[in-house]
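Thank you for sending this model for comment.

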Amino acid sequence: MARRNTNLREMDIASHLHAQTNLKAHETTGPLIVAGGEGCYFYDDSGKRYLDMHAGLWSLSLGLGNERLAEAAARQFKTLAYAQTFGHRSSEPVIELCDALVNLAPVPMSKTMLQSSGSEANDTAVKIAWYYWNSRNEPGRRKIIARKRAYHGTTAVAASLTDLPHMHAGFGLPLPGFLHVSCPDTYRGPNEGESEAEFATRLAEELDATIRREGPETIAAFIAEPVMGAGGIYTPPDTYFPKIREVLDRYGILLIADEVICGFGRTGSWWGSQSYGVQPDMITSAKALSSSYLPISALMINQKIYETIADKSDSVGVFGHGYTYGGHPVCAAVALETIRIYQEDALIDRAAGLDAVMRRHLEPLKDHPLVGDVRGRGLMWGVEVVADKQTKKAFEPAQKVGARVSNACFQKGLNTRAVGGHVLAFTPALIVTEEEISTAAGLLTDALDQVEAELK
Ligand code: PLP
């Protein structure tokens, strides 16, 4: 076994400002240094191996060590390492990727814009909604409606769309004009005796009431993840999105589908929008677009939006938006190769087929004393720990029970994450095997047993 590199640990503490980390605690805990990996496994700098049931950040869809992606990047680096997209410039992989995405879209889409992250894609979507309404002489339409517990990223706009307390605390966010309505939490949301369909109708009525209260002439767009991810993995009732669309159509409000997690197979379809009947005007995607091998995200817009903003850009003289690294040819070449692998290896169908395997291995956990709910679709599952199964009472946040379970998993060589505080994410790569799912479910059960014993 290799020795831990103490020097690197000290350097990390001394000079690395970490993302989504307790900065003070890091001064004593130091980093976990990931040194390598293969498929669904990674190992740290001591050589300890972990089975990654979170696929990086629900993103490493082809696992580690994919030679085809490495070769696609190397080829493109040698052909053309960089070209920009301002002022009519383009490059072959960028053109092919934009075209491939428009052809893959779940509903008719007209154009694709490339950026480097999911946050940037959502930021761009909001700016385009504003530009659209300005172009249509309705500049009062500025407000964006998102949902409670949503996660849409970390730029100032994307964090304002997000509704997780730690993403706002200390930053003075959300910015004014970002609203949040209830999310389709089918575990705790429905009232006594209320069916899922009735619950969905009630949520659509809440949206309608919010729009009327604020004034429809002030609302630009509504944004939603088809399956809510970081907030706690909430799969919506089947009627939820069709009902939401009906309400939005009543007032001409745009619908943005944030497919950053769901896009490219996670729910067993190419898009979460297909799994849950979402009819978006704009779609954002990232993560599995390149299997996370390189930073790239895509925003697609429909023809109605395109025509309007094209006219506006003509009158202004330029569409004043874009990034140095938006449309990076190497990232685009890797994304194209990723999509080819999904198609050639039929990985989206594979994810759909593995739904039954996940169900078979995870649903028995409902009998565990700490588990209140197990929910998901395809390869996007959550196991929710609760203080009281009967009343569905959550643990006190200070008890950090979700984090304790994920830490216990980690000690046993299983990587997962407690999202929304108390939901263990089971969201492996699309190449995961049945055996790996079974091993992971066994390790999670052991970890739950351990934490249950500690709590007694
Ligand atoms: N949207 C969703 C649904 C996400 O889960 C994330 C990240 O986890 C983002 C947007 C932000 O993406 P990024 O971290 O690439 O900015």
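This is a predicted model: local features need pLDDT of at least 70, side-chain atom pairs count only at pLDDT 80 or more; totals for chains, interfaces and linings use all residues.

1. Confidence. The mean pLDDT of the protein chain is 97, and 99% of the residues reach at least 70. For the complex, the predictor reports an ipTM of 1.00 together with a pTM of 0.98.

2. The shell around the ligand comprises 15 residues, of which S117, G118, S119, G153 and V260 come nearest. Sorted by class, this shell holds 7 polar, 6 nonpolar and 2 charged residues. Helix α6, spanning residues 118-135, is the largest contributor to the shell, supplying 3 residues.

3. Packing of α6 on α12. Helix α6 also packs against helix α12 (residues 303-316); the angle between them is about 70° and their axes are 9 Å apart. Angles of 65 to 115 degrees count as roughly perpendicular, and α6 and α12 are therefore described as roughly perpendicular to each other. On the α6 side, the contact is formed by I128, Y131, Y132, N134 and S135. On the α12 side, I305, T308, I309, D311 and K312 take part. The contact of α6 with α12 has 5 nonpolar residues, alongside 3 polar and 2 charged ones.

4. The four-stranded sheet. An open sheet is built from 4 strands in the order β11-β12-β15-β14, and the pairing is antiparallel. Its edges are β11 (371-377) and β14 (418-419), each of which pairs on one side only. The antiparallel pairing of β11 with β12 (residues 380-385) runs over 6 bridges. Within this part of the sheet, D373 has E384 of β12 as its bridge partner.

5. A cis peptide bond. Which form does the peptide bond from L173 to P174 take, cis or trans? The bond is cis, with omega near 5°. P174 is located in the loop that links α8 (165-168) and β6 (178-181). This deserves a remark because most peptide bonds are trans.

6. A positive phi angle. S291 is not a glycine, yet its phi is positive, at about 50°. Most residues other than glycine have a negative phi. The residue S291 sits in the loop between β9 (282-285) and β10 (297-301).

Terms used. Residues are numbered from 1 along each chain as its sequence is written. pLDDT is the predictor's confidence in each residue, from 0 to 100. Two strands pair if DSSP finds at least two bridges between them. Helices (H or I, at least four residues) and strands (E, at least two) are DSSP runs, numbered from the N terminus. A residue is near a molecule or strand if its C-beta atom, placed from the backbone, lies within 6 Å of it. Ala, Val, Leu, Ile, Met, Phe, Trp, Tyr, Cys and Pro count as nonpolar, Asp, Glu, Lys and Arg as charged, and the others, Gly among them, as polar. Axes are lines fitted to C-alpha atoms, for helices over the stretch in contact, and angles run from 0 to 180 degrees between N-to-C directions. Angles under 35 degrees count as roughly parallel, over 145 as roughly antiparallel, 65 to 115 as roughly perpendicular and the rest as oblique. Two residues are in contact if their C-beta atoms, placed from the backbone, lie within 7 Å.
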